[in-house]
Amino acid sequence: MNPMDPPGPPRPDPDDPQDPTESAASYGAAALAAYEGSRALAARDAAHRAHTERLLLVCADTLDACGRLLAEGPDGADPAAYHRSLELVVRQLESAVTDEGLEVFGRAGERADPATHHVVEVRAVPSGAVDDEVLEVVRRGYRYRGQVLRAARVVVAAAEEGADGGTGRAPREGTTHG
């Protein structure tokens, strides 16, 4: 045998009791499984690309609407009409991203949750409020597919502890989330 010749097909191992037809069948099953796996991965990639393109088109439409509002400027329009137009753009964008699975949280009146809210200030419980109620939202929070993307930054109500007045205290242990 010439060492420069290409290698031939592998020879069966004489110590291996496996039938060569079994080996071919298991190789075929493995190849089929790999093919099906790659098809599934390609389908997921295509769905992800389509989802991303839909979101980008929503963002493009919003950018266009904001550009039109900026070009018109608040000076030449009725301020109330300008404000309504801006609110409309915001509602359209919120609706589109909510339809795609983005969940907004951090609203006044809801109960602060350490897993989703970052407490930036604690105030005494005002009349009609309850302990750990969100009094003010500094920045809303967002969740996508059950995962917190950004915690809400909030001001919460807390029952007074002692004679310090209860206002302006640092957040209590366990009520913050970065």
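A disulfide is taken here as a pair of cysteine sulfur atoms within 2.5 Å, and by that criterion the structure holds zero disulfides. The model is a predicted one, in which local features need pLDDT of at least 70 and side-chain atom pairs count only at pLDDT 80 or more, whereas totals for chains, interfaces and linings use all residues. Residues are numbered from 1 along each chain as its sequence is written, and side-chain values use heavy atoms, with hydrogens and water left out.

The secondary structure, assigned from DSSP runs numbered from the N terminus (helices, H or I, at least four residues; strands, E, at least two), consists of two helices and six strands. Along the sequence these elements follow the pattern α-α-β-β-β-β-β-β. Of the 178 residues of the protein, 20% count as buried. The exposed surface comes to about 12,600 Å², of which carbon and sulfur atoms supply 56%; accessible areas come from the Shrake-Rupley method with a 1.4 Å probe, and for residues only the protein chains shown count as cover. With contact defined as heavy atoms within 4.5 Å, 64% of the contacts between residues at least 6 apart in sequence join residues at least 24 apart.

The strands considered next are paired where DSSP finds at least two bridges between them. Three strands form an open sheet in the order E2-E6-E3, with mixed pairing. Because E2 and strand E3 (134-139) stand at the edges, each with a single partner strand, one side of each is left without a neighbour in the sheet. The twist of this sheet averages 25° from one strand to the next, where axes are lines fitted to C-alpha atoms, for helices over the stretch in contact, and angles run from 0 to 180 degrees between N-to-C directions. E2 and E6 run parallel and are joined by seven bridges, and the bridge partner of Ala124 in E6 is Ala158.

The largest nonpolar core has nine residues, namely Phe105, Ala112, Val119, Val122, Val134, Ala152, Val154, Val156 and Ala158. Strand E2 (117-124) and strand E6 (152-158) each supply at least two residues of this core, and E6 gives the most to it, with four residues. A nonpolar core is understood as a set of buried Ala, Val, Leu, Ile, Met, Phe, Trp, Tyr and Cys residues joined through side-chain atoms within 4.5 Å.

E1 and strand E4 (residues 141-144) pair in the antiparallel sense over four bridges, and the bridge partner of Val104 in E4 is Tyr142. The C-alpha atom of Val104 is separated by 8.8 Å from that of Glu94, ten residues apart along the chain. Glu94 is found in helix H2 (residues 79-99) and, with a relative accessible area of 27%, is partly exposed. The pairing of E4 and E5 is also antiparallel, over three bridges, and Arg143 stands opposite Val148 in E5.

Most residues other than glycine have a negative phi. Asp132, although not a glycine, has a positive phi of about 70°; its place is in the loop between E2 and E3, and at 17% relative accessibility Asp132 counts as buried. Arg145, which is not a glycine either, has a positive phi of about 50° and is found in the loop between E4 and E5. The hairpin of E4 and E5 has two residues between the strands, and at 70% relative accessibility Arg145 counts as exposed.

Definitions and conventions
Buried < 20%, exposed > 50% of the residue type's maximum accessible area, 1.4 Å probe, protein only.
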